[in-house]
Amino acid sequence: MIGQRDTVNGAHFGFTDRWGGVSAVPYEELNLGGAVGDDPAAVTANRELAAKSLGLEPARVVWMNQVHGADVAVVDGPWGDRPVPRADAVVTTERGLGLAVLTADCVPVLLADPVAGVAAAAHAGRPGMVAGIVPATVRAMTELGADPARIVARTGPAVCGRCYEVPEEMRAEVAAVEPAAYAETSWGTPAVDVSAGVHAQLERLGVCDRAQSPVCTRESKDHFSYRRDRTTGRLAGYVWLD
Ligand SMILES: [Zn+2]
């Protein structure tokens with residue numbers, strides 16, 4: 001259910017694994033993604049189970065319409081009947097409001113400045129990392145009073161640099177933007193390490209309190225991996241303030 005949890009000064013961070021939900025094969029069990037072909041009733045049930053196990057009210061969790069871009073949405077409550085905007089990060093100053101990001105290999109980035117009371121969840125796959133979703137999110141937090149030096153950053157399970165094979169030209173393009181993402185697979189071919197790129201960006205932005213999940217989604221049977229399974233579920237990362 002909740003594979004990793006952390007609390008720092010009233011800021012809460014949680015990352016799910018794939019177990020403890022009601023979805024059938026190939027989405028077994030805790031698929032939290034609503035756009036991957038799973039039964040919508042199962043997804044709703046899973047979102048309720050995950051929220052309750054974190055101590056969050058299911059209706060007080062904000063989800064995104066993620067598109068691998070660099071747009072950030074500032075939110076003060078659930079979308080309700082409003083259309084969910086396309087964005088790859090959500091930022092809030094609303095205490096008790098859960099922000100959620102869906103992934104299955106991409107890097108879920110959870111950020112919070114507990115002193116200023118600003119939290120953010122971002123979706124950083126390779127395109128988003130290159131497009132600058134991480135600096136855009138930190139900028140939006142800063143505009144709401146956050147100080148990068150106080151921001152706590154947690155990144156969740158993601159495909160690792162030893163597993164994320166890409167064409168040589170793509171690795172060069174990514175490394176030109178973010179050299180830390182340059183990687184090689186365990187079988188000796190060009191690769192990209194998106195988590196390393198995200199953490200290098202956060203470090204340059206002055207975010208010191210950072211931690212990275214040791215889990216590689218492609219290697220872990222307890223996590224969904226798009227690159228491994230193609231048709232599969234989505235994990236979620238949740239952040240909220242007391
Ligand atoms: Zn790996």
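Helices (H or I, at least four residues) and strands (E, at least two) are DSSP runs, numbered from the N terminus. Keep that in mind as you click along. This is a predicted model, where local features need pLDDT of at least 70, side-chain atom pairs count only at pLDDT 80 or more, and totals for chains, interfaces and linings use all residues. Residues are numbered from 1 along each chain as its sequence is written, and side-chain values use heavy atoms, with hydrogens and water left out.

**Stop 1: a loop with cis bonds**

Select Pro26. Pro26 sits in the loop between strand S2 (11-16) and helix H1 (40-54). The peptide bond from Val25 to Pro26 is cis, with omega near 5°. Now move to Glu29, in the loop between S2 and H1. The bond from Glu28 to Glu29 is cis too, and its omega is near -5°.

Next, select Leu32, which lies in the loop between S2 and H1. Is Leu32 buried or exposed? Leu32 has a relative accessible area of 0%, so it is buried. Contact means heavy atoms within 4.5 Å. Leaving aside neighbours within four places in sequence, Leu32 is in contact with residues including Val43, Trp63, Leu102 and Tyr238. Then draw a distance from Leu32 to Asp88: they are 56 residues apart in sequence and 16 Å apart in space, C-alpha to C-alpha.

**Stop 2: two positive phi values**

Select His68, in the loop between strand S3 (61-62) and S4. His68 has phi near 60°, a positive value in a residue other than glycine. His68 is partly exposed, because its relative accessible area is 38%.

Jump to Arg230, in the loop between helix H6 (226-229) and strand S13 (235-241). Phi of Arg230 is near 60°, again positive in a residue other than glycine. Arg230 has 47% relative accessibility, so it counts as partly exposed.

**Stop 3: helix H3 and its partner**

Select residues 133-143, helix H3, and 194-204, helix H5. Their axes come within 9 Å and cross at roughly 35°. (Axes are lines fitted to C-alpha atoms, for helices over the stretch in contact, and angles run from 0 to 180 degrees between N-to-C directions.) Which residues make the contact? Val134, Pro135 and Val138 of H3 meet Val198, Gln201 and Leu202 of H5.

Stay on H3. Its buried residues are Ile133, Val134, Ala136, Thr137, Val138, Ala140 and Met141. Among the elements that cover them are strand S7 (107-113), strand S8 (118-124), helix H2 (126-131) and H5.

**Stop 4: the zinc ion**

Select the zinc ion. What coordinates the zinc ion? Cys160 (SG), Cys163 (SG), Cys216 (SG) and Glu219 (OE) do, at 2.0 to 2.3 Å. Donors are N, O and S atoms within 2.8 Å of the metal (3.2 Å for Na, K and Ca); water is not among the atoms, so sites may look incomplete. In sequence the donor residues are spaced C-x2-C-x52-C-x2-E.

Check the angles next. The four donor atoms subtend 101 to 116° around the zinc ion, which makes the arrangement tetrahedral. (Four donors count as tetrahedral if all angles lie between 85 and 135 degrees.) The ideal angle for four tetrahedral donors is 109.5 degrees.

Cys160 counts as buried because its relative accessibility is 14%. Cys163 is buried as well, at 6% relative accessibility.

Conventions: Four donors count as tetrahedral if all angles lie between 85 and 135 degrees; four count as square planar and six as octahedral if opposite donors are over 155 degrees apart and all others between 65 and 115; anything else is irregular. Buried means under 20% relative accessible area, exposed over 50%, partly exposed in between (1.4 Å probe, protein chains only).
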